[in-house]
Amino acid sequence: IIIKADKKSNKILSDLAKKLGGNVMTLADDQYEDFALGSLMDSVKTGKLIKDLINMNPGVFGMCVAFEPGVGRDSSLFAPYYYRDGKEIKFADLAKEEYGYQLWDWYQIPYTLKTPIWSEPYYDKGGGENLMITYGVPIFDPASGKVRGIVTADIDLTELKRVISEIKIFNDGYAFAISRFGTFISHKHAP
């Protein structure tokens, strides 16, 4: 039973990672290609692409494309974030200087490691009001190999929590999930 539960939860995350990973990587490649050709940071095109990806992936709460200062024709910051708010997809500009997106873990960790990463679970207070993880993918300059930005996807863990909560082990046993660093993702005594 434990092996079956482990396989089922791993399959859910693996399927999500494959589906989302491919979509996020495509977004990263498409975005950098546009800038390599010298076009302006097209917030309309980027917004449509992000909204389409959110609509295609019900477990995705929000997505962002955030570039290093100086990428593109000017030195302005660029970090459009689109997120679910009920049945609507709304916009927030993370490029506001007071937010300092380049300093946050969701940007710094994949930037520094130069590899896609899954964050630790966190409760998104004031945003999704739910347990989430963030998948961050670096955007590389094909000519220099340097990281020029990050694409992120915030994943709502509601479905994973539901599946785990339905696993029964013998008469009174239950399944739970914890992250690699010990954060509880799902437990029968947790809200």
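Two strands pair if DSSP finds at least two bridges between them. Keep that in mind for the first stop on this tour of a predicted model.

**Stop 1: a hairpin**

Select residues 80–85, strand S2, and residues 88–93, strand S3; the two run antiparallel and are joined by six bridges. Within this pairing, tyrosine 83 has lysine 90 of S3 as its bridge partner. Now look at the turn. S2 and S3 make a hairpin with two residues between them, and glycine 86 in that turn has a positive phi of about 65°.

Stay here and show the side chains of lysine 90 and aspartate 85. They meet in a salt bridge, 2.8 Å from N to O. Lysine 90 is partly exposed at 30% relative accessibility, and aspartate 85 is also partly exposed, with a relative accessible area of 35%.

**Stop 2**

For another of them, select lysine 48 and aspartate 52, whose side chains meet at 2.9 Å, N to O. Both residues lie in helix H2 (residues 43–56), four residues apart, which is about one turn of the helix. Lysine 48 counts as exposed because its relative accessibility of 52% is over the 50% cut-off. Aspartate 52, at 33%, is partly exposed.

Next select aspartate 141 and arginine 148. They form a salt bridge whose closest N and O atoms are 3.7 Å apart. Is aspartate 141 buried or exposed? At 12% relative accessibility, aspartate 141 is buried, whereas arginine 148 is partly exposed at 25%.

**Stop 3: helix H3**

Select residues 105–113, helix H3, and colour Trp106, Tyr107 and Pro110, which are buried. These three cover an arc of only 100° around the axis, so they sit on the same side of H3. The face turned away from that buried side carries the exposed residues Asp105 and Leu113.

What covers the buried residues of H3? The cover includes strand S1 (60–67), S4, strand S6 (131–140) and strand S7 (147–156). After the helix comes lysine 114, which has a positive phi, near 55°.

**Stop 4: aromatic rings**

A pair of aromatic rings is described by the distance of the centres and the angle of the planes. The structure holds 11 aromatic pairs. Select phenylalanine 67 and phenylalanine 78: this pair is tilted, with 6.0 Å between centres and 35° between the planes. Phenylalanine 67 is in strand S1 and phenylalanine 78 in the loop between S1 and S2, so the pair ties together parts that are 11 residues apart in sequence. Both phenylalanine 67 and phenylalanine 78 are buried.

Tryptophan 106 and tyrosine 107 form an edge-to-face pair, 5.9 Å centre to centre, with 85° between the planes.

**Stop 5: proline 121**

Last, select proline 121, in the loop between strand S4 (117–118) and strand S5 (122–123). Proline 121 counts as buried because its relative accessible area, 10%, is under the 20% cut-off. Computed along the sequence, how many residues apart are proline 121 and isoleucine 133? They are 12 residues apart in sequence, and 4.7 Å apart in space, C-alpha to C-alpha.

Show the neighbours too. Leaving out residues up to four places away in sequence, proline 121 touches Leu131, Met132, Ile133, Leu157, Ser179, Thr183 and Ile185.

Terms used. Residues numbered from 1 in each chain as written. Predicted model: local features only at pLDDT ≥ 70, side-chain atom pairs only at ≥ 80, totals over all residues. Heavy atoms only, no water. Salt bridge = Lys/Arg side-chain N within 4 Å of Asp/Glu carboxyl O. Buried < 20%, exposed > 50% of the residue type's maximum accessible area, 1.4 Å probe, protein only. Contact = heavy atoms within 4.5 Å. Arc of directions from axis to C-beta. Phe/Tyr/Trp six-rings, centres within 6.5 Å; stacked < 30°, edge-to-face > 60°.
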